[in-house]
Amino acid sequence: MELIIGSHVSFTKDTQLLGSVVEALGYKSTAFMFYTGAPQNTLRVKIDSEKTNEALKLMKENYIDIKNVVVHAPYIINLANINNFDFNVRFLREEISRVESLGVKNIVLHPGSHVGAGVENGIKNIIDALNTTLKRENNIVICLETMAGKGTELGRNFDEIKSIIDGIELKDKVGVCMDTCHLNDAGYDLSDFDSILDEFDKKIGLKYLKVIHINDSKNIIGTHKDRHENIGIGSIGFQALINIIYHDKLKGIPKILETPYVEKHAPYKQEIEMIRNKTFNNHLIEDILK
Ligand code: FE
Ligand code: FE
Ligand code: ZN
């Protein structure tokens, strides 16, 4: 099976999904992820079905399967905060219908920050918000992202993710997105990824794993920082990331890079090439800047 790899790409008002596909193809991707609008505000464009159809056609010609396309929900949604309940439900529902009209299934969502309410209350709020938002007829999966545990972030470990999923009524509408930088920063040792997968499988179940964010980390394990680094030059390292990307149990799962731009240059073409070669490129940064 072909490696399912891609990166975060842009989605603009004018070119919409078609622009995202063109950008992804420029990096030689077989998957990609985008925000449907600026993640920090609520301004959203109407989805243009003509552009969507053109995009789907271009994807087909280039063997990008729509099931390997991911939308990241905006981070102004904080389901753990009870004060935002009505806004959260309304905006997440709108986001779901935009995503459905694009034909995308997986929506990555940060579980939320409890902002002082405490872990238990925060998790309860997330569950209530999701149970209110999700409808049986929805054709999407909300993929809860594993978080670094910065501030009062929830989803810092598999137990918290499990607690959320346990409370969800429509279990076929929830999944998990593992983020390697976040796992490292949360305290998971990625050099022993088999143990991590075992724990995940026991506590949550591998069938819930839908997306993996592949990022190196600027910080050492357990620092709860969440600062992404380019592939192979952070504390996780190239070989550990390669072992995850090519892991037998993760074959059908899209792997998405969210590594930082280098002086305004997207690093993804060079990083994806290096991942395909399974060999670290000692001139990675120079090549990105070329
Ligand atoms: Fe994220
Ligand atoms: Fe991520
Ligand atoms: Zn992050």
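Student: Is D179 buried or exposed?

Tutor: Buried means under 20% relative accessible area, exposed over 50%, and partly exposed in between, computed with a 1.4 Å probe on protein chains only. D179 has a relative accessible area of 0% and is therefore buried. E145, at 1%, is likewise buried. This is a predicted model, in which local features need pLDDT of at least 70 and side-chain atom pairs count only at pLDDT 80 or more, while totals for chains, interfaces and linings use all residues. Residues are numbered from 1 along each chain as its sequence is written, chains are lettered from A and ligands numbered from 1 in the order in which they are written, and side-chain values use heavy atoms, with hydrogens and water left out.

Student: Which residues are the protein donors of the iron ion (ligand 2)?

Tutor: Donors are N, O and S atoms within 2.8 Å of the metal (3.2 Å for Na, K and Ca); water is not among the atoms, so sites may look incomplete. Here the donors are E145 (OE), D179 (OD), H213 (ND1) and E258 (OE), lying 2.0 to 2.2 Å from the iron ion (ligand 2). Their spacing in sequence is E-x33-D-x33-H-x44-E. E145 lies in strand β5 and D179 in strand β6 (residues 174-179), so this pair links parts of the chain 34 residues apart; strands (E, at least two residues) and helices (H or I, at least four) are DSSP runs, numbered from the N terminus.

Student: What coordinates the iron ion (ligand 1)?

Tutor: H72 (NE2), H110 (NE2) and E145 (OE) do, at 2.2 to 2.3 Å. E145 coordinates both iron ions, which are 3.3 Å apart. H72 lies in strand β3 (residues 69-72) and E145 in strand β5 (residues 141-145), so the pair ties together parts 73 residues apart in sequence. Both H72 and E145 are buried.

Student: How many aromatic pairs does a search of the whole structure find?

Tutor: Rings of Phe, Tyr and Trp (its six-membered ring) pair if their centres lie within 6.5 Å; planes under 30 degrees apart count as stacked, over 60 as edge-to-face and the rest as tilted. The search finds 9 aromatic pairs. In one of them, F11 and F34 have ring centres 4.9 Å apart and planes at 10 degrees, so the pair is stacked. F11 and F34 are both buried. Y261 and Y268 form an edge-to-face pair, 6.1 Å centre to centre with 80 degrees between the planes. Y261 is partly exposed at 44%, whereas Y268 is buried at 2%.
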